[in-house]
Amino acid sequence: MKIVNVEAVTLVVPMKNPIKAPISIPYADELEKVVFKEYRTTLVKISTDEGITGYGECMVRLSPTSTRDIVEYIKPLLIGKDPMDTELIWELMFGTMMNRGHYQGFYIEAISGIDVALWDIKGKTLSLPLYKLIGGNSNPKIWAYASSIRFRGMETMLETAQKFVDQGFTAMKIKIGQGYKTDVMAVAAVREHVGDDITLMVDANCGYDVKTALKIGKELEKYNIRWFEEPISPADYEGYRMLSDSLDIPIAAGEAHFLRYGLKELIVRGKVDIIQPNVCRAGGVTECLKIHGLSSSFNVPYLVHTGSSSAVCIAVSLHLAAAFKDCFIFEHMQSDWSKDQRNPLRWDLTPLPIKSFENGYIELDNKPGIGLEINEDIIEKYRV
């Protein structure tokens with residue numbers, strides 16, 4: 001089998017109305033106009049001479065055409081290669097920029113999407129779902145949490161929490177980062193509303209300095225929070241170590257880190273309790289298998305990150321969650337950036353490979369590869 005074509009497709013869905021930043025970001029009044037002006041992604045489609053096609057996603061937050069251009073530029077490296085040779089192809093792609101210091105950023109996001117598409121082909125070729133191909137159990141059931149309760153006023157937050165409970169979720173995440181008093185008030189209100197039987201976690205999206213995060217973390221300990229996610233800057237490894245040593249709440253991070261090298265720093269220097277790489281950013285399936293080996297050697301659980309990606313990223317993340325025994329819960333994205341405009345890249349691009357959802361648990365389907373059924377109409381409608 002040989003690769004005969006590699007196509008990168010950028011999809012953009014403009015926001016009809018401006019929105020306030022639904023997560024904690026610095027200089028929100030200015031940055032929200034760029035960061036949250038659209039839903040966006042870049043997909044990778046790889047075709048073979050045997051008629052088998054694979055899909056992947058390059059996780060992007062800005063300038064999605066950048067990853068598209070990178071994929072198109074390195075396309076000649078892949079033409080004629082055997083798509084089953086995922087390790088060789090990954091090293092070949094990484095080698096083009098390795099000695100230039102590109103260990104993170106757009107380039108790694110681009111090769112992540114390519115690698116995911118190759119694993120989709122590999123699973124289809126062998127007639128195996130990806131989770132089975134990389135060692136997962138048959139007919140797995142995965143505990144899932146609803147992500148996320150975004151801060152849009154107390155009444156809306158509680159309505160969202162109740163919606164998640166009504167949908168059958170037994171765990172959910174609260175976005176914080178609005179300030180000490182507001183955050184504590186919000187978490188206390190959600191805890192009182194849903195009761196003690198619902199698992200809660202909080203996510204500050206890097207919104208605090210160390211001392212503020214420590215102060216908030218100490219206050220949140222009384223509400224039985226499962227983990228405190230990205231409390232501070234991704235690069236502040238010493239700060240992460242201080243928080244991990246000082247708080248009883250487990251510290252989680254990793255969605256902003258790339259490759260095994262960045263995650264190693266987070267584990268060894270940052271001493272975090274949980275890592276959360278995004279497979280479509282951190283190097284693809286090939287690299288995430290290595291990251292999982294690294295984290296397991298330090299007894300640090302590996303939980304997948306999905307975020308506001310398209311359904312392709314969510315689907316491949318489900319497979320990793322099913323394959324990794326220490327991935328004790330899955331981030332099941334339920335809320336969009338805009339409360340008034342749904343994200344068609346999440347809801348309409350492809351059905352997720354989910355057989356059932358009951359009592360907070362996802363039962364995965366057993367379709368080969370990632371199990372995608374891409375809606376070409378959505379691609380044609382939103383491609384740029």
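Okay, so helices here are DSSP runs of H or I with at least four residues, strands are E runs of at least two, and both are numbered from the N terminus. This is a predicted model, where local features need pLDDT of at least 70, side-chain atom pairs count only at pLDDT 80 or more, and totals for chains, interfaces and linings use all residues. Residues are numbered from 1 along each chain as its sequence is written, and side-chain values use heavy atoms, with hydrogens and water left out.

Let's start with Glu-287, which sits in helix α11, residues 284-297. Is Glu-287 buried or exposed? Its relative accessibility is 0%, so Glu-287 counts as buried (buried means under 20% relative accessible area, exposed over 50%, partly exposed in between, with a 1.4 Å probe and protein chains only). Leaving out neighbours within four places in sequence, Glu-287 is in contact with Trp-90, Leu-259, Arg-260 and Ala-282, contact being heavy atoms within 4.5 Å. With Arg-260, the Glu-287 side chain reaches the backbone nitrogen at 2.7 Å.

Now over to Asn-139, in the loop between α5 (130-133) and β4 (141-149). Asn-139 is partly exposed, at 48% relative accessible area. Not counting residues up to four places away in sequence, Asn-139 touches Tyr-131 and Lys-355. And how far apart in space are Asn-139 and Tyr-208? They're 41 Å apart, C-alpha to C-alpha, and 69 residues apart in sequence.

Last stop, a helix pair: Val-210, Ala-213, Leu-214 and Lys-218 in α8 meet Gly-239, Met-242, Leu-243 and Ser-246 in α9. That's it from me!

Key: A polar contact is a pair of N or O atoms within 3.5 Å; within protein, one must be able to donate a hydrogen and the other to accept it, and residues adjacent in sequence count only if both atoms are side-chain atoms.
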